[in-house]
Amino acid sequence: MEVITGILATAVLAGGVLALAALGEVLSERVGVFNLGVEGLMALGGVTGIIVGTLIPNAFLGLLAALVVGLAFGAVFALATVVFRANQVLCGLALTMLGTGLAATIGRSYSGMPAKAVFERVVVPYLSDLPIVGRAFFSQNILVYPIYILLPAAIYFILFRTRHGLNVRAVGENPAAADAAGVPVTLIRFCYVTIGAALGAGAGAYLTLAFVPSWSEGVVAGRGWIAVALVIFAGYRPFSAVLGALLFGVITAFGFVGQARNWPVTPAFLSMLPYLGTLAFMIVPVIVWGRQRRAAPAALGVPYFRDER
Amino acid sequence: MAARFIRVPVITAQRAFVARGVSFILALAVTALVLAATGFDPLALGAQILRKSFGSAFGLEDLGLLFAPLMLTGLAVAVTLRIGLWNIGAEGQFYIGAFVTTAIGLHVTGMPLAPMLVLLFVAGALGGMAWILIPALARAYGRVDEIITTLLLNFVALLLVYYVSTGPWRDRVTGVTAASGRVEYDVPDLHGTLHWGFVIALIAPILVSLLMRYTRWGYEVRISGANPDAAHYAGMPVKRHMVSVMLLSGAIAGIAGMLEIAGSVHRLQGGISNNFGYLGIMVAVLARGRPIAVIPAALLIAVLLNAGIILQTQGLKTSAVLAVTGLIMLFTAVGDQIAHYRLARSAAVLAPPVPAPLAARPATEGG
């Protein structure tokens with residue numbers, strides 16, 4: 001029993017990183033832009049969070065600063081991919097290298113230090129005493145609730161329940177048709193890609209201010225890539241992405257709990273689980289159904305040139 | 001008559017080359033500005049880098065030791081670009097090549113050098129191929145995004161290498177920390193510390209280029225990359241070619257790892273790759289996927305990486321090299337697009353195309 005509670009509690013905490021990054025990627029991919037720079041954005045957000053959180057010992061300001069940095073780098077990425085219509089794979093890889101390298105360079109003097117300000121655990125009275133799920137769901141840091149409930153609900157509502165959302169999805173499916181209908185394709189793409197990037201950087205700050213909580217080179221450890229993969233098998237939908245993130249939280253948690261409880265498996269192999277799990281989730285559905293169950297937005301990865309319509 | 005930019009769908013190789021050059025220089029200029037703003041003297045640093053890289057035989061040997069693996073990892077990525085795929089996993093395949101070499105080198109001792117080196121070479125190549133096999137099959141037969149699958153395996157390879165080099169294979173003789181025991185087999189030296197692996201790395205792009213240009217396989221791979229549907233309808237086995245190209249790519253990256261262990265480092269350790277796999281992506285992009293062009297592109301990135309290592313003494317981290325590489329890649333991607341635009345002044349260019357018979361009539365009647 002206690003093991004299950006422990007795994008669930010760690011899963012919710014660890015999954016939050018992936019959930020936030022995946023939600024950002026959903027926004028970007030829904031408008032047709034494949035952002036492979038999440039890994040770099042998370043590194044930048046993580047290091048910004050820790051630096052600001054150390055200078056002004058306040059975790060919320062650290063997160064806010066990370067979001068602002070994410071907006072800035074997201075705007076650069078959007079400028080390259082949406083306005084200049086450069087190759088999205090190339091720009092994404094560039095952003096990953098730039099972000100990872102830059103974060104490691106400026107974060108050197110903060111490496112290994114525990115975060116001065118962290119997102120504290122908030123214990124919900126009564127609910128946290130529930131057996132098994134109480135400690136997992138109602139004794140977490142405050143960010144867990146917006147990440148798992150408010151944000152996906154807001155994104156779902158905007159994308160699938162408003163006229164604006166219909167336009168947004170049209171931009172990702174058929175930008176030429178959207179353009180003809182008077183939807184500002186470039187503007188919508190630019191805004192959603194930039195906001196998505198900010199969420200990616202926010203996920204990095206969550207990582208260094210709530211989950212680990214400290215900064216070191218390589219702390220992101222491929223979570224950005226797992227988030228990108230997550231979006232694919234979540235079928236580009238916000239709630240599925242969050243549930244998928246929770247599932248990966250569980251896989252990650254097995255690694256931690258296994259180490260803590262001295263399971264007879266080498267920790268290095270437990271640490272491989274999230275990567276191998278992601279690989280399995282990308283390949284198994286294809287073997288079973290012959291393809292991913294839900295198709296990508298039709299214009300994903302394709303720059304839109306009005307003059308070549 | 002207003003001037004405006006129009007997009008040209010196809011540009012000349014020359015124009016693309018100029019765009020690349022300008023992008024590269026602009027990215028370096030931004031780097032120099034950032035360095036200047038943070039209290040460094042970019043010109044002095046640049047002079048120091050050039051002097052230390054090219055000014056002495058030792059400097060050139062060090063550069064060569066970075067140049068060789070970058071040619072191989074760059075080539076590994078470039079061949080996949082030929083068929084329209086991305087191998088982002090050269091880093092992992094490099095690690096596995098090094099891992100397999102160390103595994104054999106540590107456990108099969110006292111054998112004659114020449115056959116052992118051949119064995120290690122083949123084993124390194126096979127290791128790299130094994131590491132890319134699943135992403136290759138999944139991409140070819142299941143359309144599973146190869147960028148993410150190849151990349152994820154990098155982390156698995158890294159964890160594996162960290163584990164064995166600090167665990168079961170750790171050095172018990174000399175007290176070197178976080179590294180495996182020493183692999184005794186050594187690739188013969190060419191000049192100073194530079195070993196014959198450099199020659200292999202230099203021949204590889206030429207060999208692949210000949211394969212691509214003069215064999216049926218190479219022809220079909222190029223067609224499959226340029227237009228998969230056309231290749232398919234012409235009866236070419238596009239999927240099988242995807243797998244064979246990716247296996248070739250994995251083998252090349254694995255060989256790079258093998259040469260790094262048997263040629264210069266001799267010990268398996270966490271940081272052994274120097275980001276060669278990721279920097280190889282930049283090399284392949286700069287080379288526009290052309291095997292021969294990998295050679296000058298790798299030299300460019302080798303100087304950059306060497307600069308990072310030299311500048312460590314100035315308090316800069318080698319991770320800065322990765323950041324600068326990212327910046328160059330971003331500028332390159334944008335530059336490639338900007339090269340497609342040219343300024344059109346005459347109204348005639350902008351006029352909608354008119355069917356030829358209609359266009360001809362006013363000229364004869366109205367004249």
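Trainee: What should the 19 residues of helix α4 (residues 88–106) of chain A span, and how far apart are its end C-alpha atoms?

Mentor: The expected span of a helix is 1.5 Å times one less than its number of residues. For the 19 residues of α4 (88–106) of chain A, at 1.5 Å a residue, the span should be 27 Å, and the end C-alpha atoms are 26 Å apart, which agrees. Helices (H or I, at least four residues) and strands (E, at least two) are DSSP runs, numbered from the N terminus. This is a predicted model, in which local features need pLDDT of at least 70 and side-chain atom pairs count only at pLDDT 80 or more, while totals for chains, interfaces and linings use all residues. Residues are numbered from 1 along each chain as its sequence is written, and chains are lettered from A and ligands numbered from 1 in the order in which they are written.

Trainee: How many of the 19 residues of α4(A) are buried?

Mentor: A residue is buried if 20 or more other C-beta atoms lie within 10 Å of its own, exposed if 12 or fewer, and partly exposed in between, with C-beta atoms placed from the backbone. In α4(A), 16 of the 19 residues are buried, and the helix is thus mostly covered. In chain B, 47% of the 367 residues count as buried.

Trainee: Which residues is B:V294 in contact with, leaving aside its neighbours within four places in sequence?

Mentor: They are B:M71, B:G74, B:L75, B:A78, B:P205, B:V283, B:A284 and B:A287. B:V294 is placed in helix α12 (residues 294–311) of chain B, and B:V294 is buried because 32 other C-beta atoms lie within 10 Å. Its partner B:V283 is in contact, beyond four places in sequence, with B:L70, B:G74, B:V294, B:A297, B:A298 and B:I301.

Trainee: Which residues of the largest nonpolar core touch the most other members?

Mentor: A nonpolar core is a set of buried Ala, Val, Leu, Ile, Met, Phe, Trp, Tyr and Cys residues joined through C-beta atoms within 7 Å. Here the largest such core has 220 residues, of which A:A22, A:L230, B:M71, B:L72 and B:V283 touch the most other members.

Trainee: How many residues does each chain bring to the contact?

Mentor: Chain B brings 37 residues and chain A brings 41 residues. On the side of chain B that touches chain A, α5 (113–142), α6 (146–166), α11 (276–286) and α13 (319–338) each supply at least two residues. The most comes from α13(B), with 15 residues.

Trainee: At what angle do the axes of helix α10 (residues 223–233) of chain A and α6(B) cross?

Mentor: Axes are lines fitted to C-alpha atoms, for helices over the stretch in contact, and angles run from 0 to 180 degrees between N-to-C directions. The axes of α10(A) and α6(B) cross at roughly 145 degrees and come within 10 Å. The contact joins A:W225, A:V228 and A:A229 of α10(A) to B:I148, B:L151 and B:L152 of α6(B).

Methods
Two residues are in contact if their C-beta atoms, placed from the backbone, lie within 7 Å.
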